[in-house]
Amino acid sequence: MEKIAELQNVSLRKHGGKILDDISFDLNAGGIWGIVGPNGSGKTTIMKVMLGLLKYDKGTVKIDNQLVTSKKHSVVRDQVGALIENPSLYPYLTGLQHLSLYSSDKKKISTIVQQLKMTNYIKLKTKLYSLGMKQKLGIAIALVNCPKLVILDEPMNGLDPKSARELRMLIQQKNREGTTFLISSHVLSELQKIITGIIIVNDGKISIETTPSELKKKVNKQVIINTNDNDKALKTLNVLFPDDGLKSLIIDSDKSEKLNEYLQAIINNDIQILSVNDSQDDLENTMLELMQHKSDKEGSNL
Amino acid sequence: MKPLMYQEFLKLRFKKSTWISLIIAVGMMVLTGLTTLNVGSSDSKYYFSSAYGGFQWFIIVLIAINASSITSEFQFGTIKHLVIQADSRWRVYYIKLLAISCYNFIGHIIIFLAAVLIKLLLYPGLDLFSHYHYGSTVIVNLILNGALDFFLSYLFIGMVTLIACISSNSAVAVSVGIGVAFAGEGLSNMLLSSFPSIIPIMRWNPFNMLNFQQQFAYPEHIHDTHLLLSQMGIGIFVWSCLFLVLGQLLFQRRKI
């Protein structure tokens, strides 16, 4: 599969500390990649390095097979659109003037304005914009020249649920047209609805590069049983299955084969089952759990 | 994507303060013209050839526009777009200076035209071709003054750009620039008269170069500056280049 971006052993040191530590990953063209990790983990730094905004000490960064450095990044100008940190706007210019500043194709400007439903305020100065309006304009600037790769840092910030949904749909539409996306977001529930690949960054290192479905398989699956009398249900299970050492009605994956027996036992004791849920049905839990496992493992290795 | 130079012009064009401050400078020239209606012939020649103070007012405008053109990019975060579009930061820096230079040139032309217009409206009796300093006519004196001010303005551009690259706040750069514009000459004269033993070195201080126009109008000023007009010209050129190069180095190292 064609690669739109390649990072090989990229390291960056600042003030004696490692900001990026031997980062390597490839982005296949045509995907929607999510980049997640806690605050300060290095997500924005990776994006800045990919855009040629930051000088890195070691490794190589390539976009569309062309080397990107802080001194040489014409490929970024021609093939990449980006929204990094907050939308960068001049308060004395209107939204339309911003788009004219970055694109000379009037047709493309009107298309993106309509797609992002910005017609009502595009002729107003940006100092009058709300956070959400600014965010939309920042995204419009990133998309207006129809680049091959779009890098969006926290694009859902400040967007209401309706706008967030519209943005998701636009990303998916652009993706179908051939644009590759790399998106960082703290609203992981929003991210998991669209991404086809995920990169987890922790402490300047890549923890995992995989797909969301593969990611779920990597962590312990838990099932939560909810009844009309949870105390009685737990006592019943501990009487019938004393060796299992159940402490709550959250059943770990290693005991999941006994789930049917547990449920049968609860029903036989006239306790009503209200729900049986998968505890890690979202990306957020999976990611947090995985990072916890990783840090526990690292801690025990010390 | 439009060229960076075009973008810089577009920003200057759409920024209201760029033109409002210039209109205010012209307004101050009109005010000066009105308050000096009853002066003698020699003084009216002086006021005309100094563009009714327009060149001094324009320097203040230039300091403000120059400082904000650098600091605002960092303040608004728009520097990221500029750096992505240009292959190197030094290119962004010099394109900005080029745009400011064009604004500087246009501003001087406007001040020149405004001075001629004020003369035509308020001083119909003043002959533009009557003799004044250096055996030249009054109008040539105005042109020479404009050209010298344009040359000297690069010392301010260099100084303000350097401060704007150090500070993230345009107010600091503007304040220091205006402070230097008003008090720089006085400070230099004070230093030179207070420490005569170090005159050979101190006379090359950048503030002393601000006496350039004054010495052009009144050659006897050499007793205060201890430099020939040509030496001051070299000093302005060297200091301007030094400030601009230092500014570039700082601009390249600033965190985005």
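1. With which residue does A:Glu166 form a salt bridge? The partner is A:Lys136, and the closest N and O atoms of the two are 3.9 Å apart; a salt bridge here is a side-chain nitrogen of Lys or Arg within 4 Å of a carboxyl oxygen of Asp or Glu. This pair links distant parts of the chain, with A:Glu166 in helix α6 (residues 161-176) of chain A and A:Lys136 in helix α5 (residues 131-143) of chain A, 30 residues apart. A:Glu166 is buried, at a relative accessible area of 19%, and A:Lys136 is buried too, at 10%. Buried stands for under 20% relative accessible area, exposed for over 50%, and partly exposed for what lies in between (1.4 Å probe, protein chains only).

2. On the basis of these values: the model is predicted, so local features need pLDDT of at least 70 and side-chain atom pairs count only at pLDDT 80 or more, whereas totals for chains, interfaces and linings use all residues. Residues are numbered from 1 along each chain as its sequence is written, chains are lettered from A and ligands numbered from 1 in the order in which they are written, and side-chain values use heavy atoms, with hydrogens and water left out. Helices (H or I, at least four residues) and strands (E, at least two) are DSSP runs, numbered from the N terminus.

3. The interface comes next. Contact, meaning heavy atoms within 4.5 Å, involves 29 residues of chain A and 22 residues of chain B. The two chains bury about 2400 Å² between them, 59% of it on carbon and sulfur atoms; buried area is the accessible area (1.4 Å probe) that two parts lose on being put together, summed over both.

4. Nine residue pairs, both members at pLDDT 80 or more, are in polar contact between chain A and chain B. A polar contact is a pair of N or O atoms within 3.5 Å; within protein, one must be able to donate a hydrogen and the other to accept it, and residues adjacent in sequence count only if both atoms are side-chain atoms. On the side of chain A that touches chain B, α2 (74-79) and α3 (95-102) of chain A each supply at least two residues. The largest share of that side, four residues, comes from α3(A). Its residues divide into 13 nonpolar, 10 polar and six charged, where Ala, Val, Leu, Ile, Met, Phe, Trp, Tyr, Cys and Pro count as nonpolar, Asp, Glu, Lys and Arg as charged, and the others, Gly among them, as polar.

5. A search of the whole structure finds 14 salt bridges over all chains, and the count between chain A and chain B is one. That one joins A:Glu85 to B:Lys80, with the closest N and O atoms 3.3 Å apart. A:Glu85 also forms a salt bridge with A:Lys48, again with the closest N and O atoms 3.3 Å apart. Because A:Glu85 lies in the loop between β6 (80-83) and α3 of chain A and A:Lys48 in helix α1 (residues 43-50) of chain A, the pair ties together parts that are 37 residues apart in sequence. A:Glu85 is partly exposed, at a relative accessible area of 34%, whereas A:Lys48 is buried, at 7%.

6. Within chain B, the side chains of B:Glu8 and B:Lys96 meet in a salt bridge (3.0 Å, N to O). The pair links helix α1 of chain B, which holds B:Glu8, to helix α6 of chain B, which holds B:Lys96, over 88 residues of sequence. Both residues are buried. Salt bridges that share partners join B:Glu8, B:Lys11, B:Glu73 and B:Lys96 into one network.

7. Helix α1 (residues 4-14) of chain B has several buried residues, among them B:Leu4, B:Glu8 and B:Lys11. The cover over the buried residues of α1(B) includes α3 of chain A, together with α2 (16-35), α4, α5 and α6 of chain B.

8. B:Thr71 is in helix α4 of chain B and is buried, at 0% relative accessibility. A polar atom of its side chain lies 2.9 Å from the backbone oxygen of B:Ala67. Leaving aside neighbours within four places in sequence, B:Thr71 is in contact with B:Ala164, B:Ser167, B:Ser168, B:Asn169 and B:Ser170.
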